[in-house]
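Subject: Two-chain model, handover and notes

Hello,

Here is the structure I said I would pass on. My notes follow below it, one chain after the other.

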Amino acid sequence: MTQQQVSDEELRRSQKMEAVEQLAGGGAHDFNNLLTIIAGYCDLLAEGPSLTQDQRQSIEQISQAGQRAASLTTQLLAFSCRQILHPMVLDLNRLVATIEPTLQTQAGEHIAVTIVPDQALGRVKADPPSSNRSS
Amino acid sequence: MAHILIIDDEPLMRTMLRDIFERQGHSVQEAPDGRAGLALWRQNPADVVLTDIFMPEKDGIEVILEIKRSRPEAKVAVMTGGGQARQLEMVPAAMILGADRAIQKPFDRKAILALIGNLLGERASPDGCATST
């Protein structure tokens, strides 16, 4: 496998992980809404004064299943939280310089990559990994 | 008993919360987004406003800002679905902008009643899980 293929594979893997994390985060949000509704109605049903023992047990089973689902949602959330951004003040010239070898690799041996830093470039506040990915 | 305004874009969430609060003797109004919620608020200011953060039209942050600007003593609590990083980041922002309480979904009946009780200055249940970040 060439260096180019390795780089392409890493890029594909990174994009796939990013998509999965976004999906997990969005799913956790929707599940949390639904689990709140399930838990709320279980609590209201359990208040019924004329419930049989079987009915109470059924409500308790639904409630417990909801709690287990909430636990799974927390795990999904923990997974997606890797995407939380930590913006900081960055010197983009320096950032671009650090990825010059990667750019050169991706461009291939027949293309020369030359970076001309702009000395007048201001600093920006951004999340370093995001800036890196988008460059 | 209190008058509670629920603002959430999930209809089942509003219905469930209405059922819980009305069984406690509270009166409830509900709205599917911040714009409709603020319209109700202007007509009939509630004792407690319980709002989701991310909604169509006006979001929960705008709801907090407008209510606190017109009536600083009004009680506002935000609900967050967690889920996405930006939602978690909005909770401290909501508190800084004036929200009195925040509660993260999923929550149960005991937790939401404890939160409302706290906001109303009542004695909350000792094991209530409402958060006051």
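The secondary structure of chain A comprises 5 helices and 2 strands; helices (H or I, at least four residues) and strands (E, at least two) are DSSP runs, numbered from the N terminus. Starting at the N terminus, the order of elements in chain A is α-α-β-α-α-β-α.

Before going further, the conventions. This is a predicted model, in which local features need pLDDT of at least 70 and side-chain atom pairs count only at pLDDT 80 or more, while totals for chains, interfaces and linings use all residues. Residues are numbered from 1 along each chain as its sequence is written, and chains are lettered from A and ligands numbered from 1 in the order in which they are written. For the complex, the predictor gives an ipTM of 0.78 and a pTM of 0.68.

Chain A

Of the 135 residues in chain A, 16% are buried. A residue is buried if 20 or more other C-beta atoms lie within 10 Å of its own, exposed if 12 or fewer, and partly exposed in between, with C-beta atoms placed from the backbone. Taking the contacts in chain A between residues at least 6 apart in sequence, 81% join residues at least 24 apart. Two residues are in contact if their C-beta atoms, placed from the backbone, lie within 7 Å.

One residue I looked at is A:Gln119, which sits in the loop between helix H4 (100-107) and strand S2 (124-126) of chain A. A:Gln119 has 6 C-beta neighbours inside 10 Å and therefore counts as exposed.

Chain B

The average pLDDT of chain B is 85, and 85% of the residues score at least 70; pLDDT is the predictor's confidence in each residue, from 0 to 100. In residues 122-133 of chain B the pLDDT is below 50, and this stretch has 26 contacts in the model beyond near neighbours in sequence.

Chain B contains 5 helices and 5 strands, running β-α-β-α-β-α-β-α-β-α from the N terminus on. Of its 133 residues, 47% are buried. Among contacts in chain B between residues at least 6 apart in sequence, the share joining residues at least 24 apart is 58%.

The 5 strands of chain B form an open sheet with parallel pairing, in the order S2-S1-S3-S4-S5. Strands S2 (27-31) and S5 (101-104) of chain B are the edge strands, each pairing on one side only. Two strands pair if DSSP finds at least two bridges between them. From one strand to the next, the twist averages 20°. Helix H1 (residues 11-23) of chain B packs on the sheet, where H1 touches S1, S2 and S3 of chain B, and its direction makes about 170° with that of S2(B). Axes are lines fitted to C-alpha atoms, for helices over the stretch in contact, and angles run from 0 to 180 degrees between N-to-C directions.

Strand S1 (residues 3-7) and strand S3 (residues 48-52) of chain B run parallel and are joined by 4 bridges. In that pair, B:Ile7 stands opposite B:Thr51, and B:Leu5 has B:Val49 as its bridge partner. S3(B) and S4(B) also run parallel, joined by 5 bridges.

Helix H3 (residues 60-70) of chain B lies across S1, S3 and strand S4 (75-80) of chain B, at about 155° to S3(B).

Last, helix H2 (residues 34-43) of chain B has B:Gly34, B:Gly37, B:Leu38 and B:Trp41 buried. Viewed down the axis of H2(B), its buried residues fall within an arc of 95°, so they line one face of the helix; the arc is that of the directions from the helix axis to the C-beta atoms. These buried residues pack against S1, S2, S3 and H3 of chain B. B:Ala39 and B:Gln43, on the other side of H2(B), are exposed.

Regards
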